[in-house]
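Here is a short report for a first look at this protein. Keep the structure in view while reading.

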Amino acid sequence: IQTQGLGVEIGLAVGFAASVILILQRIAFPHTAILGEVQSEDTEEPVYRNVLRFPTARTIDGIIIFRMDAPLWFASSGKFQHKMTKFCADPNVHAIILDFSAIDFIDLAGLEKLAEVQQMLEEQNVTFIAAAVKGPVRDSIKAYNEYDSKHHSGSHQIFPWLDPTSSSPNEKYFMVATLHQAVKAVEERTKPVVSHVTMV
């Protein structure tokens, strides 16, 4: 239609421009999903799926499991921060688990935005856990933390690598291997403290 009405050259140019606009739109506004727990038939651990596509997926009160299907870089960091701010505004949310499985690249803008989001959640006393972080992304976070330690006294460390089974219960920002580990770590940190009174 484009080439018939406008000529071959103009039609191709319009088609190319439309494709570029579509690509930029998808980069700046990537697909995101809230995940819920679905029992797997193949493994003992549950799997986590988009609640809009899996209506039977079980969500957990107070815990947001969020996935962004795109690199976390300058083009997408704005939407990422907007989503995190929206979650943080809910007073019932006490933990956010970020599924990194679809994030295979993070640039400086993404790292800085991640640090800003972590600081915002820290001020709101919201636990922030990253799960399934790919090796290259972990390397970028490590390099950012090393630079921060050298030049800013380590005041903006992103997700210190901690084993949730052995670290202090007060640690609220760390990375784990799987979403199931992240959920368990949050649940362990939110268990009510039971006081044992000895009757004399």
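How do the axes of H4 and H5 cross, and within what distance do they come? They come within 11 Å and cross at roughly 70°. Axes here are lines fitted to C-alpha atoms, for helices over the stretch in contact, with angles from 0 to 180 degrees between N-to-C directions. More on this pair follows below.

## Basis of the model

This is a predicted model: local features need pLDDT of at least 70, side-chain atom pairs count only at pLDDT 80 or more, and totals for chains, interfaces and linings use all residues. Residues are numbered from 1 along each chain as its sequence is written, and side-chain values use heavy atoms, leaving out hydrogens and water.

## Overall layout

The protein has six helices and six strands. Helices (H or I, at least four residues) and strands (E, at least two) are DSSP runs, numbered from the N terminus. Their order from the N terminus is α-α-β-β-β-α-β-α-β-α-β-α.

Of the 200 residues, 38% are buried. Buried means under 20% relative accessible area, exposed over 50%, and partly exposed in between (1.4 Å probe, protein chains only).

## The sheet

The six strands form an open sheet with mixed pairing, in the order E2-E1-E3-E4-E5-E6. Two strands pair if DSSP finds at least two bridges between them. Strand E2 (47-50) and strand E6 (173-176) are the edges, each pairing on one side only. From one strand to the next, the twist averages 30°.

E1 runs antiparallel to E2, with four bridges, and antiparallel to E3, with three bridges. Valine 38 has valine 47 in E2 as its bridge partner. Alanine 33 stands opposite arginine 67 in E3. E1 is mostly covered, with six of its seven residues buried.

## The cores

A nonpolar core is a set of buried Ala, Val, Leu, Ile, Met, Phe, Trp, Tyr and Cys residues joined through side-chain atoms within 4.5 Å. The largest one has 30 residues. Those with the most contacts inside it are Phe80, Ile96, Phe100, Leu114, Phe128 and Phe159. Helix H4 (108-123) and helix H5 (135-152) are among the elements that each supply at least two residues. H4 gives the most, with five residues. A second, separate core has 17 residues, including Ile65, Val176, Val183 and Val186.

Contact means heavy atoms within 4.5 Å. Not counting residues up to four places away in sequence, phenylalanine 100 touches Leu114, Ala130, Ala131, Ala132, Val133, Val137 and Phe159.

Two packed helices are described by the angle between their axes and the distance between the axes. With the axes of H4 and H5 crossing at roughly 70°, H4 is roughly perpendicular to H5; this label covers 65 to 115 degrees, while angles under 35 count as roughly parallel, over 145 as roughly antiparallel and the rest as oblique. Residues that meet include Leu108 and Leu111 in H4, and Ser140 and Tyr144 in H5.

Glutamine 118 lies in H4. Is glutamine 118 buried or exposed? Glutamine 118 is buried, with a relative accessible area of 7%. Beyond its neighbours within four places in sequence, glutamine 118 contacts Phe128, Gln157, Ile158, Phe159 and Tyr173.

In helix H6 (residues 179-189), the buried residues include Leu179, His180 and Arg189. Their cover includes E1, E2, E3, E4, E5 and E6.
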